[in-house]
Amino acid sequence: MISIAKILLAHAAKYPQMQVQDAVKLIYQNEFGAEHFACDETSSLSRLSEEVASLPEGAFTPLFESIGNGAVRLNLAACESSGLSSGLSLCTINRMFLAQTGTAAGSERSFGRKLAVLLSLSERGLLPYNKSDVEDSIQAYRSAGVRPISHSGVYKQAYSPAYRVIGAQFRKYAKIFMKIDRLLMEQQTVNVAIDGMCCAGKTTLARLLSQIYDCNVLHMDDFFLPAELRTKERLFSPGGNIHYERFEDQVLKGLKSSGDFAYQRYDCDTMQLSAPVVISRKRLNIVEGVYCLRPEWVPVYDLKIFLSTGPKRQRSRVLRRCGSTALQERFLTEWIPLENRYFETFNIREGCDLKYYS
């Protein structure tokens, strides 16, 4: 994690007109995240649209700027009236902002330590502020209570700041959001596949997308291969370690239809199928899990994503997930080799539109 000292120094170098007030605002956002402007989605989107429409022409700034502690500033100067030129819609930006609002677990004690870093950097001449001015500014700020503040007039005049504070995880997967937004503008229904290595973050990514979009999320784990089908011949076939016949019959047919559909989840504890789960028709459908990109299924998807991770990290994550070395060993010696064979046989990674390593 980048220290607050490095964040302050980087912003001071990039924005030489940054005042003490702006440094305090930066520290506040680093500690508490997007704590201000919290309101309902409609009002927040209206405010965002008005702010984008009022931006000066010709302004240039990078899409994202790190403020540390798992947060970034998404600069609106990269926006056009209909959304970001990069492909993000204002609705998506707004939901990213609202998803981050109020989630930071900051504390006044930690905030105070970071203010002390600001004072120390100024005292050592690493920031262009007089020590006594910094002390007076911090005292005046704290006497009114720890709270969000605006940028200084000098900073506003020099840089016309306009941004939203969002989680850094959205920056990591920004291309996915851009592509989904563009696809939703171009077609009525969008199907996304998230395939990849065990413990590489497929479910986590699907959950992140579901925070922003009204979508269906379907899990390949629900189609675990029943014991009676786990023959040597079946497992020898690349991609055979999944009940693909049932997935085709219950899910793929449903995704191709124009209405609601239902499927059953396989319970590994009871080794039985659940009662049918009804899936309402939605414009965006996400299928996550290894084996979701069998070659015959590829035409169904509009966006294909592959996630990978290193062997040491995968091993530690498997152990953390399983909670026992016995189950971990089964992952390592049985299931992961089958997954790798599927990846290599069908060139799954190479056939994906976007690839991420975590």
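**Entry 1. Model.** I worked from a predicted model.

**Entry 2. Largest pocket.** I looked up the volume of the largest pocket and found about 740 Å³. Its lining consists of 26 residues. I noted those nearest the pocket centre: Cys 198, Asp 221, Arg 321, Phe 331 and Glu 339. I then asked which helices each supply at least two residues of the lining. Helices α10 (202-212), α13 (311-322) and α14 (325-346) do. By residue class, I recorded 13 nonpolar, five polar and eight charged residues in the lining.

**Entry 3. Salt bridges, whole structure.** How many salt bridges does a search of the whole structure find? The search gives 13. As background, side chains of opposite charge can pair when their charged atoms come close. I wrote up some of the pairs below.

**Entry 4. Lys 14 and Glu 65.** I found a salt bridge between the side chains of Lys 14 and Glu 65, at 2.7 Å from N to O. This pair links distant parts of the chain, with Lys 14 in helix α1 (residues 4-14) and Glu 65 in strand β1 (residues 64-68). The two are 51 residues apart. Lys 14 has a relative accessible area of 41% and is partly exposed.

**Entry 5. Arg 95 and Glu 41.** I found another salt bridge between Arg 95 and Glu 41, with the closest N and O atoms 2.7 Å apart. Arg 95 belongs to helix α4 (residues 90-100) and Glu 41 to helix α3 (residues 41-53). This pair, too, links distant parts of the chain, its members being 54 residues apart. Arg 95 is partly exposed at 26% relative accessible area, and Glu 41 is partly exposed at 34%.

**Entry 6. Arg 330 and Glu 334.** I looked at helix α14 again, which contributes to the pocket lining. Within this helix, Arg 330 and Glu 334 are separated by about one helical turn, because they lie four residues apart. Their side chains meet in a salt bridge, 2.8 Å from N to O. Arg 330 is partly exposed, with a relative accessible area of 37%. Glu 334 also counts as partly exposed, at 25%. I noted that Arg 230 joins Arg 330 and Glu 334 in one network, through salt bridges that share partners.

Conventions. Residues numbered from 1 in each chain as written. Predicted model: local features only at pLDDT ≥ 70, side-chain atom pairs only at ≥ 80, totals over all residues. Heavy atoms only, no water. 1 Å grid on protein atoms, 1.4 Å probe; cavity = no way out; pocket = protein on both sides within 12 Å on 5 of 7 lines; lining within 4 Å. Points joined across faces, edges and corners; volume = space filled by probe spheres on them. Nonpolar A, V, L, I, M, F, W, Y, C, P; charged D, E, K, R; others polar. Salt bridge = Lys/Arg side-chain N within 4 Å of Asp/Glu carboxyl O. Buried < 20%, exposed > 50% of the residue type's maximum accessible area, 1.4 Å probe, protein only.
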